[in-house]
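Grab your viewer and work through the exercises below.

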Amino acid sequence: MSRNTKIIALTGKGGVGKTSISAALVKLLVQAFPDKKILAIDADPAIGLATALGIEPELTLDNIRNEIVENVEGGKTQEAMELLSESRYKIAEAVVEKDGFAFLAIGRPESAGCYCRVNSYLKDVITMISGQFDYVVIDGEAGIEQINRRVMEKVTHLLLVSDTSKKGLEVIKTIENVAMDLVQYDKIGLIVNRVEESSMMERLDTKGLELLAAVPSDKTLAMYDFEGRSITELPDDSLVVVYIREAMQRFGIL
Ligand SMILES: Nc1ncnc2c1ncn2[C@@H]1O[C@H](COP(=O)(O)OP(=O)(O)O)[C@@H](O)[C@H]1O
Ligand SMILES: [Mg+2]
């Protein structure tokens with residue numbers, strides 16, 4: 001993997017704004033670096049980033065994994081190397097090219113139970129294709145699972161996202177503790193999102209983490225979400241875009 005690739009992953013409790021911020025970040029990267037290769041990965045089986053970026057993916061990593069597994073179980077056992085190269089070829093097929101960036105979704109496993117198999121596949125895929133890009137933005141699944149399963153191992157910039165709730169910040173602290181051992185990050189930072197009252201920030205316990213931004217509630221974002229419009233079309237002066245730009249300058253990304 002190219003050591004210059006910046007892999008930025010967003011983690012935190014559900015509903016705190018990971019997907020919205022991921023999409024805003026993709027928009028900012030595309031604007032700032034029109035000549036760089038940018039990949040957005042929707043790593044949440046709940047599938048939100050595709051919608052936020054205005055994409056309808058036809059093929060997901062879960063589809064590909066199932067196809068390969070079926071081939072193997074159906075007797076078409078191949079050498080491991082062949083499987084890997086087939087996988088590489090198929091992944092290229094699943095990558096959707098948009099204006100200025102590429103997109104890949106983990107998808108929603110249809111078989112009941114555990115996401116662990118597709119998560120471990122995602123980990124390999126991140127390792128395999130990140131080197132082809134300058135920036136990779138990963139919109140993570142809510143909670144700690146993908147950190148625990150080392151899906152995020154190669155992430156260089158870990159973004160912890162929380163709302164102002166105690167629970168949200170507790171989840172962040174848990175993730176940070178585990179990530180210390182299981183993620184090889186260069187940088188870690190906190191974004192507090194949907195801050196209704198700026199006075200809250202004076203009393204909010206940031207758990208010793210670098211606070212990159214306290215993003216206010218953004219009516220424009222809420223309206224875009226209401227209308228199902230892509231976040232990439234948000235005006236450059238909308239609150240989320242302005243605050244995330246500043247946060248990413250602090251974080252050494254922009
Ligand atoms: N700063 C904000 N202002 C207003 N609404 C927001 C803000 N951030 C997120 N939201 C809204 O909150 C909801 C959850 O956000 P989302 O990005 O999907 O969170 P997550 O991906 O962490 O589950 C969405 O409806 C989104 O539009
Ligand atoms: Mg989400």
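**Exercise 1. Find which helices and strands each supply at least two residues of the lining of the largest pocket.**

Solution. Step one: α1, α2 (49-52), β7 and α9 are the elements that each give at least two lining residues. Helices here are DSSP runs of H or I with at least four residues, strands are E runs of at least two, and numbering goes from the N terminus. A pocket is an open set of points on a 1 Å grid over the protein atoms alone, where a 1.4 Å probe fits and protein lies on both sides within 12 Å along at least five of seven lines; lining residues have an atom within 4 Å of a point.

Step two: α9 gives the largest share, four residues. In total 27 residues line the pocket, and Gly17, Thr19, Ser20, Leu221 and Asp225 are nearest its centre.

Step three: sort the lining by class, and you get 11 nonpolar, 10 polar and six charged residues. Gly counts as polar in this scheme. The pocket holds about 580 Å³ of space.

Before going on, a note on the model: it is predicted, so local features need pLDDT of at least 70 and side-chain atom pairs pLDDT 80 or more, while totals for chains, interfaces and linings use all residues. Residues are numbered from 1 along each chain as written, chains are lettered from A and ligands numbered from 1 in written order, and side-chain values use heavy atoms, without hydrogens and water.

**Exercise 2. Work out what surrounds ligand 1.**

Solution. Step one: the space that ligand 1 takes is the largest pocket; sitting there requires more than half of its atoms within 2 Å of the grid points.

Step two: 16 residues surround ligand 1, with Gly15, Ser20, Arg194, Asp218 and Asp225 the closest. To be near, a residue needs a heavy atom within 4 Å.

Step three: α1 (18-32), β7 (187-195) and α9 (219-227) each bring at least two shell residues, and α1 has the largest share, three. By class, the shell holds four nonpolar, seven polar and five charged residues.

Step four: look for polar contacts (N or O pairs within 3.5 Å). Oxygen atoms of ligand 1 lie 2.6 Å from a polar side-chain atom of Ser20, 2.8 Å from one of Lys18 and 2.9 Å from a polar backbone atom of Gly17. Alone, ligand 1 exposes 560 Å², and the protein buries 81% of that (Shrake-Rupley, 1.4 Å probe).

**Exercise 3. Check both ends of α9, then look for positive phi values.**

Solution. Step one: where α9 starts, a side-chain oxygen of Asp218 comes within 2.9 Å of the backbone nitrogen of Thr220.

Step two: after α9 comes Gly228, with a positive phi near 70°.

Step three: most residues other than glycine have a negative phi. Arg194, not a glycine, has a positive phi of about 60°, and it sits in strand β7. Lys207 also has a positive phi, near 60°, in the loop between α8 (198-203) and β8 (211-216).

Methods
A polar contact is a pair of N or O atoms within 3.5 Å; within protein, one must be able to donate a hydrogen and the other to accept it, and residues adjacent in sequence count only if both atoms are side-chain atoms. Grid points are joined across faces, edges and corners, and a volume is the space filled by probe spheres set on the points.
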